[in-house]
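Hi,

Here is the structure I said I would pass on. Have a look at it first, and my notes follow below.

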Amino acid sequence: MVKLRLKRCGRKQRAIYRIVAIDARSRREGRALRKVGFYDPIKKQTYLNVPAVLYFLEKGAQPTETVHDLLKKAEIFKEI
């Protein structure tokens with residue numbers, strides 16, 4: 001099963017997260033199928049590659065709770 005989840009990047013105390021499509025059995029820093037965006041919680045910035053996100057959601061990818069909240073804020077679920 002494929003999931004859309006966060007992958008931690010950045011340095012100590014300055015985390016930036018990539019939003020990636022990844023196999024559910026992989027660990028957090030495992031190899032991603034594709035990068036579909038990033039999220040900076042400090043600056044409250046989010047960038048999403050909308051066509052890629054929609055592609056994976058249509059193929060049955062399950063977003064984690066946090067990614068689901070980010071997608072809802074970006075109004076991705078209205079486009080499906």
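**What I found**

R25 is exposed, with a relative accessible area of 76% (exposed means over 50%, buried under 20%, and partly exposed in between, with a 1.4 Å probe and protein chains only). Its side chain meets that of D23 in a salt bridge, 3.2 Å from N to O; the term stands for a side-chain nitrogen of Lys or Arg within 4 Å of a carboxyl oxygen of Asp or Glu. D23 counts as partly exposed, at 23% relative accessibility. The structure holds 1 salt bridge, so that pair is it. As background, side chains of opposite charge can pair when their charged atoms come close.

Before you go further, a word on the source. This is a predicted model, where local features need pLDDT of at least 70 and side-chain atom pairs count only at pLDDT 80 or more, while totals for chains, interfaces and linings use all residues. Residues are numbered from 1 along each chain as its sequence is written, and side-chain values use heavy atoms, with hydrogens and water left out.

How are the strands ordered? There is an open sheet of 5 strands, in the order 4-3-2-1-5, with mixed pairing. Strand 4 and strand 5 stand at the edges with a single partner strand each, so one side of each has no neighbour in the sheet. For the terms: strands (E, at least two residues) and helices (H or I, at least four) are DSSP runs numbered from the N terminus, and two strands pair if DSSP finds at least two bridges between them.

Strand 2 and strand 3 run antiparallel and are joined by 5 bridges. Strand 3 and strand 4 form a hairpin with 4 residues between them, and K44 in the turn has a positive phi of about 60°.

F38 and Y47 turn up again on the surface: together with I16 they form a nonpolar patch of about 270 Å² accessible area. I16 lies in strand 2 and is partly exposed, at 34% relative accessible area. Patches are made of residues with over 30% relative accessible area and no salt bridge, with like charges joined within 9 Å and nonpolar side chains (Val, Leu, Ile, Met, Phe, Trp, Tyr) within 5 Å; the areas come from the Shrake-Rupley method with a 1.4 Å probe, and for residues only the protein chains shown count as cover.

**The core**

Which residues have the most contacts inside the largest nonpolar core? They are L4, I19, V36, V53, L71 and I76, in a core of 17 residues. At least two core residues each come from strand 1 (2-11), strand 2 (14-23), strand 3 (34-40), helix 1 (50-58) and helix 2 (65-73). Helix 1 gives the largest share, 5 residues. A nonpolar core here is a set of buried Ala, Val, Leu, Ile, Met, Phe, Trp, Tyr and Cys residues joined through side-chain atoms within 4.5 Å.

In helix 1, the buried residues are A52, V53, L54, F56 and L57. The buried residues of this helix pack against strands 1, 2 and 3, strand 4 (45-48), strand 5 (62-63) and helix 2. I76 touches L48, V50, V53, L54, L57 and L71, leaving aside residues up to four places away in sequence; contact means heavy atoms within 4.5 Å.

Most residues other than glycine have a negative phi, and most peptide bonds are trans. Q13 is not a glycine, yet has a positive phi of about 65°. Q13 lies in the loop between strand 1 and strand 2 and is exposed, at 74% relative accessible area. E75, also not a glycine, has a positive phi of about 60°. E75 is found in the segment after helix 2 and is partly exposed, at 45%. Just after helix 1, G60 takes a positive phi of about 105°.

Cheers
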